[in-house]
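Try each task before you read its solution.

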Amino acid sequence: MKKILIANRGEIARRIIRTCSRLGIETVAIHSEADGDLPYTREATEAVLIGPNPVVQSYLQMDKIIEEAKKRNAEAIHPGYGLLSENAEFARKVEQAGLVFIGPQSDIIEKMGDKIESRKTMIEAGVPVVPGTEEGTKTLEEALEAAEGIGYPVMLKASSGGGGIGMVRCENEQALSQQFVSVKNRAKAYFGDDVVFLEKYIADARHIEVQIFGDHQGNIIHLYERNCSVQRRNQKVIEESPSPHLPQDARERLCDAAIQAAKAVNYTNAGTVEFIVDQNNDFYFLEMNTRLQVEHPVTEQVTGLDLVEWQLKVAAGESLPAQESIESKGHAIEYRIYAEDPKTFFPSPGKLEKIEWGKDARIESGYEEGNVVTPFYDPMISKVIITGSDRIEALTKSQNFFNHATIIGVKTNIPLFKEFVESQEFVSGDYATAVLPAWMDKTKEEKRV
């Protein structure tokens, strides 16, 4: 490929541009009116205004994006993550336009994007899944009856959901009754589909995912796992690899199951198979993300590989290397820095007056000093990836980094990370998905006393 269009913005657009530049591939960046002065627009070979600020009028304009790709002689479109990256209709339109979609085929995206259908596929493939409903629950009465059979607490989920949206834990019948209509409405608003289903809530679980890759020759390999259990509002904020407190035999079983899942749908390009892992190291399939993940740099740091380069090569028809050639060395941790109030997690848009980073970190950012974080898009400012020869070194570097990192102009979660990375809860590595809110509650109570 000689030229690609990047159907995304900010940090991930810069990340893709960097690899393309190294490989001698020209890039076309699209941007809304609000994003016209962001760094990625000048780092691309070309930049084109795609529409007004709202995503539905700019970054979600499928036909216009494809039209611009063809007009500028791009041979392929890279969707990044979020936005249109897991939209089967968009992938199909790209394919029908005679362009290459840098990701899996549209039918794979469609099959794995529906969580109910993906559960059925995994059951047929012999991959363990969390006990739950096998069909969508249309009425509250159906949901209550199903929950009684599953056993409380349960997770009420949007079938087409993602990113923690449309996902609520229900402790009892009253909670399920209160949340049912709300979750259906949110699912309809965010994903255009109000189908919901129930899963058993696994207590004290860890969220561990496996990076997989497939090529067009039928080869599927894994690039080891990432622990994504530090979350706020069911959304990841810290990820690390390798996963602490995960025995080697459990790691091998997880990676084998991920390949088994990918083979079940003849997967191609980059993808992630996500699992819930309980205290006995038994695991259950959660979902498959049919795209590059936000946290992919963690895997790049421990394997020494460029996953975007691999995406481009697979899309161009090249074969993947043998599994035996992939090694994981050292330890990497990624921290997502958001323009948000660290106490409430509410967005805090504004101008980035000053940015000072600590040392010994890989910074992936969509912004520079003077840029404005607008209220139109996700408020993530940057990703900080810190690598050490082992977890102890990575933690030491992390603590030093946050002691020197400062952003002036907007509120950020840097103060939160500064304390959390020194907490026993995180340092021990023995944590589950509730660790961050539980630690925040405990800290708040201690300060009150």
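Start at the end of a helix: α10 is followed by Gly304, whose phi is positive, near 75°. The model is predicted, so to speak, by rule: local features need pLDDT of at least 70, side-chain atom pairs count only at pLDDT 80 or more, and totals for chains, interfaces and linings use all residues. Residues are numbered from 1 along each chain as its sequence is written, and side-chain values use heavy atoms, with hydrogens and water left out.

**Exercise 1.** State how many residues of helix α10 are buried, and name them.

Solution. Helices are DSSP runs (H or I, at least four residues), numbered from the N terminus. Buried means under 20% relative accessible area (1.4 Å probe, protein chains only). Helix α10 spans residues 296-303, and seven of its eight residues are buried. They are His296, Pro297, Val298, Thr299, Glu300, Val302 and Thr303.

**Exercise 2.** Find what caps the N-terminal end of α6, and what follows α6.

Solution. Take the cap. A side-chain oxygen of Asp114 lies 2.9 Å from the backbone nitrogen of Ile116. Now go to the other side. Gly126 follows α6, and its phi is positive, near 85°.

**Exercise 3.** Describe how α7 and α8 pack.

Solution. Use the angle between the axes and the distance between the axes. Helix α7 (residues 140-150) and helix α8 (residues 173-191) pack at about 150°, with axes 10 Å apart. Therefore α7 is roughly antiparallel to α8 (the cut-off is over 145 degrees). Next, list the contacts (heavy atoms within 4.5 Å). Leu140, Ala143, Leu144 and Ala147 in α7 meet Glu173, Leu176, Ser177 and Phe180 in α8. These residues divide into six nonpolar, one polar and one charged.

Definitions and conventions
Polar contact = N/O pair within 3.5 Å; in protein donor to acceptor, adjacent residues only side chain to side chain. Helix = DSSP H or I, 4+ residues; strand = E, 2+ residues; numbered from the N terminus. Buried < 20%, exposed > 50% of the residue type's maximum accessible area, 1.4 Å probe, protein only. Axes fitted to C-alpha atoms, helices over the stretch in contact; angles between N-to-C directions. Parallel < 35°, antiparallel > 145°, perpendicular 65-115°, else oblique. Nonpolar A, V, L, I, M, F, W, Y, C, P; charged D, E, K, R; others polar.
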